[in-house]
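The sequence and structure come first.

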Amino acid sequence: MYAATIVVMTLVLLASGLDFVSAFSAVIACINNAGPGLNEVGAAGNYAGLSNFQTWVLVFTMLLGRLELITVFVLFTRSFWRA
Amino acid sequence: MHRLAPVLHVLGLVTLIFSFTMLAPLLMAFIAHDAALFPFDESFALTFFIGLVLWLTGGRWRRELKVRDGFLLVVLVWTSLPAFAAIPFLVYAPGMGFTDAYFETVSALTTTGATVMSGLDTLPPSPSRPSS
């Protein structure tokens with residue numbers, strides 16, 4: 001699930017027009033709550049160059065990483081909301 | 001509403017407690033006499049007020065939280081606290097936009113440390129200390 005999340009988030013960032021190294025390292029950095037990634041989001045630059053959509057994707061990724069995935073994903077299952 | 005009210009009650013209490021963390025940068029701004037006194041002043045008041053309202057209104061349906069409520073509460077806390085923490089950014093730097101301010105505070109609260117700001121050294125001391 002962890003790997004799948006990384007792959008999906010990277011694909012979303014790639015689809016939004018980020019290059020592969022930036023997208024992949026940004027997702028890794030965010031899901032591990034590690035900080036700077038490589039290339040565009042690397043130590044020399046920062047996340048300011050990203051579009052609003054890309055920023056929101058990474059915000060979600062950081063929350064997923066901090067809450068260990070399950071806590072967030074369980075809210076998106078139908079059985080959770082059934083009384 | 002009756003199912004969510006106890007969760008909101010606890011969320012209000014957490015928000016209320018969280019508002020006190022803004023007193024530290026407020027004190028720092030006061031000592032350093034920098035330009036960030038007003039943003040923290042205002043954010044503290046707003047966060048405190050919203051937390052208080054949630055806490056008091058939710059108290060009418062108070063009950064023991066179940067495991068299910070716990071999941072919801074945790075996610076709500078982790079999504080709403082950054083929003084409150086973003087208020088000083090929005091007041092202090094209106095050009096920043098909510099997306100960037102929210103990213104900054106989520107990054108701070110999850111200890112990611114990723115930033116969208118440059119030239120941090122030139123900022124007054126207190127805004128760089130709100131939640132990092």
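The model is predicted: local features need pLDDT of at least 70 and side-chain atom pairs pLDDT 80 or more, while totals for chains, interfaces and linings use all residues. Residues are numbered from 1 along each chain as written, chains are lettered from A and ligands numbered from 1 in the order written, and side-chain values use heavy atoms, without hydrogens and water.

**Interface**

- Six residue pairs, both at pLDDT 80 or more, are in polar contact between chain B and chain A; such a contact pairs N or O atoms within 3.5 Å, one able to donate a hydrogen and the other to accept it.
- On chain B, helix H4 (67–85) and helix H6 (98–109) each give two or more residues to the side touching chain A (helices are DSSP runs of H or I, at least four residues).
- The contact (heavy atoms within 4.5 Å) takes 26 residues from chain A and 24 residues from chain B.
- Thr99(B), Phe103(B) and Thr112(B) lose the most area on the chain B side, together 25% of what that side buries.

**Nonpolar patch on chain A**

- Val7(A), Leu11(A), Leu14(A), Phe20(A), Val21(A), Phe24(A) and Leu38(A) make a nonpolar surface patch of about 620 Å².
- Patch residues have over 30% relative accessible area (Shrake-Rupley, 1.4 Å probe) and no salt bridge, with nonpolar side chains joined within 5 Å.
- Helix H1 (2–15) and helix H2 (20–31) of chain A each give two or more residues to the patch.
- Leu38(A) lies in the loop between H2 and helix H3 (52–66) of chain A.

How values were computed. Buried area = accessible area lost by both parts, 1.4 Å probe. Polar contact = N/O pair within 3.5 Å; in protein donor to acceptor, adjacent residues only side chain to side chain. Patch = residues over 30% accessible without salt bridge, like charges linked within 9 Å, V, L, I, M, F, W, Y side chains within 5 Å. Salt bridge = Lys/Arg side-chain N within 4 Å of Asp/Glu carboxyl O.
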